Amino acid sequence: MARDTTDQTPLSSVSDMTAYLAAGNKSEEQFRIGTEHEKFVFFRADNSPVPYFGDASISALLKGLQEKSGWDPIMDGENIIGLGEPTGMGAISIEPGGQFELSGAPLENIHQTCKESNQHLATLREIAEPMGIRFLGIGGSPKWTLAETPRMPKSRYDIMSRYMPKVGTKGLDMMYRTCTIQVNLDFSSEEDMRRKMRVSMKLQSLATALFASSPFTEGKPNGLSSWRGDIWRDTDNRRSGLLDFTFRADFGFEDYVKWALDVPMYFVVRDGHYHDCTHVTFRQFMNGALKGEIAAWEPTMGDWTNHLSTLFPDVRLKRFLEMRGADGGPWRRICALPAFWVGLLYDDEALTAADELTKDWTFEEVNALRDVVPVQGLKAGIKGHNLLDVAREVVGISRTGLKNRARVNGDGQDETVFLAPLDEVLAKKGTLADDLLMLYHGRWNGSVEPVFEEYQY
């Protein structure tokens, strides 16, 4: 999230919070695709990480982009921490370890998504090249230790960095040493949200397997296909992972609100200052827990929307749904990830087929799959079925959905071409993580250094 909101609308009830989510309902004609991707930033000379301050730095990249794009700077005190498109249709932000993120505009099709990311990367390279800076597109930092990784001067990250070690063993790795590709998709009603949430929650581990690209840690193989996926198994389990209530037939907006109310907060923002609120849940905040602790202690709609942005389930509900399971990856995967989910969720025939395929998958079975996928990848299984076979069926359903979209839209825009990276994974029965390990043990001669050259944007 690029910009924490300061909406001062008073917040007084569960119904207010539920209505906020329900206001995300849109007609199908208004459905859009918002794609986000992160990348590691490194110096080409020695593959070392890029700091925030300096002539060749993260801040210099942001300032260069600001001058070139005309986007509005997002500040945290004296420090530029992101850029916002003036009409609110996109943003650039920095993750805790300097990972550079584009949060794309809500677009109509995957062709536009690909064009957007391509233009962003081209502009970024133009600014970065004179500084000797390049960008790496995989899911986990392959070389740098946590101590070697820079820390960005962003107030919410300071609070998170202090809190993470108290609630899990891998939260700092998540913050500083992972990258993802995500897509944000719309719903038309509570029932539509329910079906999309249920299907995508069940299939998120399949996305983790298909997009696995983080087999290295600190210069060596880590024994995992998706280190990033494993990290999320013990980051902060009160606010992340699978949500069992989303498997219920009657799940709705209010259920998500009630869950979110009992998750500890990270902060509230008052007069530009971030107050650490990790000692209270949002429910306790609503009941006056911060009275006497901060001056303006009454909850606002801004506090609620900020709190929603600090929840990390595999599928996150805001006024849209965020698919959060995939590792970062090369440029073609920035197009493949949204194509995969759009095909499944934006066509009724495909959504019905995916719902039918997964209808008997229980919470316990899906959670068990989530536990083994980081190690086993597509060799994992569920309900007696090999995940590779399930992937073939699901990618086929997605392809049908994309074909139906082209027919309904009547624009001749074939989005199925963007599934090609997944077709390649299925054809060779191996993921990008498998490719990287093969290179490491072969042509790379036991070194991760070549990944910076061969998998840079």
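Guide: A residue counts as buried if its relative accessible area is under 20%. The model is a predicted one, and both phenylalanine 340 and tryptophan 341 are buried.

Visitor: What makes the pair of phenylalanine 340 and tryptophan 341 edge-to-face?

Guide: Rings pair if their centres lie within 6.5 Å, and planes over 60 degrees apart count as edge-to-face. The ring centres of phenylalanine 340 and tryptophan 341 are 5.0 Å apart and their planes stand at 75 degrees, so the pair is edge-to-face. A search of the whole structure finds 20 aromatic pairs.

Visitor: Which residues form one aromatic cluster?

Guide: One such cluster is formed by Phe40, Phe42, Trp144 and Phe452.

Visitor: What makes a space a cavity rather than a pocket, and how many cavities of 30 Å³ or more does the structure hold?

Guide: In a cavity a 1.4 Å probe fits but cannot get out, whereas a pocket is an open set of points. The structure holds one cavity of 30 Å³ or more, and the largest cavity has a volume of about 170 Å³. It is lined by 14 residues, of which Thr208, Trp232, Asp314, Gly325 and Arg370 are the closest to its centre. Two or more lining residues come from each of α6, α7 (227-231), β13 (312-313) and α13 (363-376). By class, the lining of the largest cavity has five nonpolar, five polar and four charged residues.

Visitor: What is the volume of the second largest pocket, and which residues are the closest to its centre?

Guide: The second largest pocket holds about 520 Å³ of space. Among its 20 lining residues, Glu28, Phe31, Tyr346, Arg405 and Asn409 are the closest to the centre. At least two residues of this lining are supplied by each of α6 (190-210), α12 (348-358) and α14 (387-409), and α14 gives the largest share, four residues.

Visitor: How do the residues of the lining of the second largest pocket divide?

Guide: Asp, Glu, Lys and Arg count as charged, and the lining of the second largest pocket has eleven charged residues, with five nonpolar and four polar. Glu28 and Arg405, named among the closest to the centre, therefore belong to the charged class.

Note on methods. Residues are numbered from 1 along each chain as its sequence is written. This is a predicted model: local features need pLDDT of at least 70, side-chain atom pairs count only at pLDDT 80 or more; totals for chains, interfaces and linings use all residues. Side-chain values use heavy atoms; hydrogens and water are left out. Rings of Phe, Tyr and Trp (its six-membered ring) pair if their centres lie within 6.5 Å; planes under 30 degrees apart count as stacked, over 60 as edge-to-face and the rest as tilted. Buried means under 20% relative accessible area, exposed over 50%, partly exposed in between (1.4 Å probe, protein chains only). On a 1 Å grid over the protein atoms alone, a cavity is a set of points where a 1.4 Å probe fits but cannot get out, and a pocket is an open set with protein on both sides within 12 Å along at least five of seven lines; lining residues have an atom within 4 Å of a point. Grid points are joined across faces, edges and corners, and a volume is the space filled by probe spheres set on the points.
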